[in-house]
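Welcome, and thanks for taking a look at this one with us. Please have your viewer ready before reading on.

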Amino acid sequence: MKQLLLILILAAGGNLAAQSKYTELQLGYYAPYFSNMGFTVGYGIDFKTWEKSAENKRSKTNRLHLLPQVSYFYQSNTAHNLLLNPEVVYKWRKTSKRFYLAASIGTGYLLSFQRQTGTVSLSTGEIDYQNERLHFFVPNVNLGFGVDPRKRIGFYFKAFYGRKFSTSQTNSAFIGLSTGLIIKLSKNN
């Protein structure tokens, strides 16, 4: 049984390695709740590309893309947050064009350092805040568009919606926008 599993894994890996793959770096501005400010860094790997062509119509290029990303954002004087969010992205465009549309799903992990309580020193007037570390599971969906890099540089824009789930906090919505640059790193054959 183990040998059969190993053969299947090697066969699937060999098929994936035979296809040409693009890797890219995404650097951008990240704005959850539209008022928080932050940045995001992602490393995109294509794992499947195919073309569809219909009679009397332009052919379309479709791509499945894996995009693990790390985002940092903060709300002034309230919280600092770190989000690890791997996404599976589906991109489609007309073959002769660079403009694309994208839809993706992600399974994020959010680590949040939030101010919870504070004590006031009556002699100096200074407030000593206590920060609490909170953990959230953040499944999300994303819709966006962009321009694929011609040689090296492109851009993207996306909106996202998700839910923050935690055992110790009330579940809440997670929405926002992200925009930035796409830097093509390599094409492996």
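## Cavities inside the model

Please keep in mind that this is a predicted model. Searching the whole structure gives 2 cavities of 30 Å³ or more. The largest cavity holds about 140 Å³ of space, and 16 residues line it, with Val-89, Tyr-100, Ala-102, Gly-144 and Lys-158 closest to its centre. At least two lining residues come from each of E4, E5, E6 and strand E7 (153-164). Sorted by class, this lining has 9 nonpolar, 4 polar and 3 charged residues.

The second largest cavity has about 50 Å³ of space. Its lining includes Tyr-30, Glu-87, Asn-140, Lys-158 and Ser-178. Here E4, E6, E7 and strand E8 (172-188) each provide at least two residues, and the largest share, 3 residues, belongs to E4. By class, the lining splits into 4 nonpolar, 5 polar and 2 charged residues.

## The second largest pocket

Now for an open space: the second largest pocket contains about 160 Å³. Strand E3 (60-75), strand E4 (79-94) and strand E5 (99-120) are the elements that give two or more residues to its lining. The largest share, 4 residues, is from E5.

In total, 14 residues line this pocket, and those nearest its centre are Tyr-33, Gln-75, Asn-81, Gln-114 and Lys-164. The lining is made of 6 nonpolar, 6 polar and 2 charged residues.

## Nonpolar cores

Which residues make up the largest nonpolar core? There are 9 in all: Tyr-30, Phe-73, Leu-83, Leu-110, Leu-134, Phe-136, Val-138, Phe-160 and Phe-174. Strand E6 (residues 127-147) gives the most to this core, namely 3 residues. A second, separate core has 6 residues, among them Leu-67, Tyr-100, Tyr-156 and Ile-182.

Setting aside residues up to four places away in sequence, Phe-174 touches, among others, Tyr-30, Phe-73, Leu-83, Val-138 and Phe-160. Its partners also include Tyr-33 and Lys-164, which are both listed with the residues nearest the centre of the second largest pocket. Phe-174 is itself one of the residues lining the second largest cavity.

## Salt bridges

How many salt bridges does the structure hold? There are 5. In one of them, Lys-91 pairs with Glu-24, with the closest N and O atoms 3.5 Å apart. Lys-91 is in strand E4 and Glu-24 in strand E1 (residues 21-32), so this pair ties together parts 67 residues apart in sequence. Both Lys-91 and Glu-24 are buried.

Another bridge joins the side chains of Asp-46 and Arg-63 at 3.1 Å, N to O. Asp-46 belongs to strand E2 (residues 37-52) and Arg-63 to strand E3, so parts 17 residues apart in sequence are tied together. Asp-46 counts as buried because its relative accessibility is 0%, and Arg-63 is buried too, at 8%. Asp-148 bridges to Arg-93 at 3.2 Å between the closest N and O atoms; Asp-148 sits in the loop between E6 and E7, and Arg-93 in strand E4, 55 residues apart. Asp-46, Arg-63, Arg-93 and Asp-148 are linked in a network of salt bridges.

## Asn-131

Apart from neighbours within four places in sequence, Asn-131 contacts Gln-114 and Arg-115. Its C-alpha lies 5.9 Å from that of Gln-116, although Asn-131 and Gln-116 are 15 residues apart in sequence.

Key
Residues numbered from 1 in each chain as written. Predicted model: local features only at pLDDT ≥ 70, side-chain atom pairs only at ≥ 80, totals over all residues. Heavy atoms only, no water. 1 Å grid on protein atoms, 1.4 Å probe; cavity = no way out; pocket = protein on both sides within 12 Å on 5 of 7 lines; lining within 4 Å. Points joined across faces, edges and corners; volume = space filled by probe spheres on them. Nonpolar A, V, L, I, M, F, W, Y, C, P; charged D, E, K, R; others polar. Core = buried A, V, L, I, M, F, W, Y, C linked by side-chain atoms within 4.5 Å. Buried < 20%, exposed > 50% of the residue type's maximum accessible area, 1.4 Å probe, protein only. Contact = heavy atoms within 4.5 Å. Salt bridge = Lys/Arg side-chain N within 4 Å of Asp/Glu carboxyl O.
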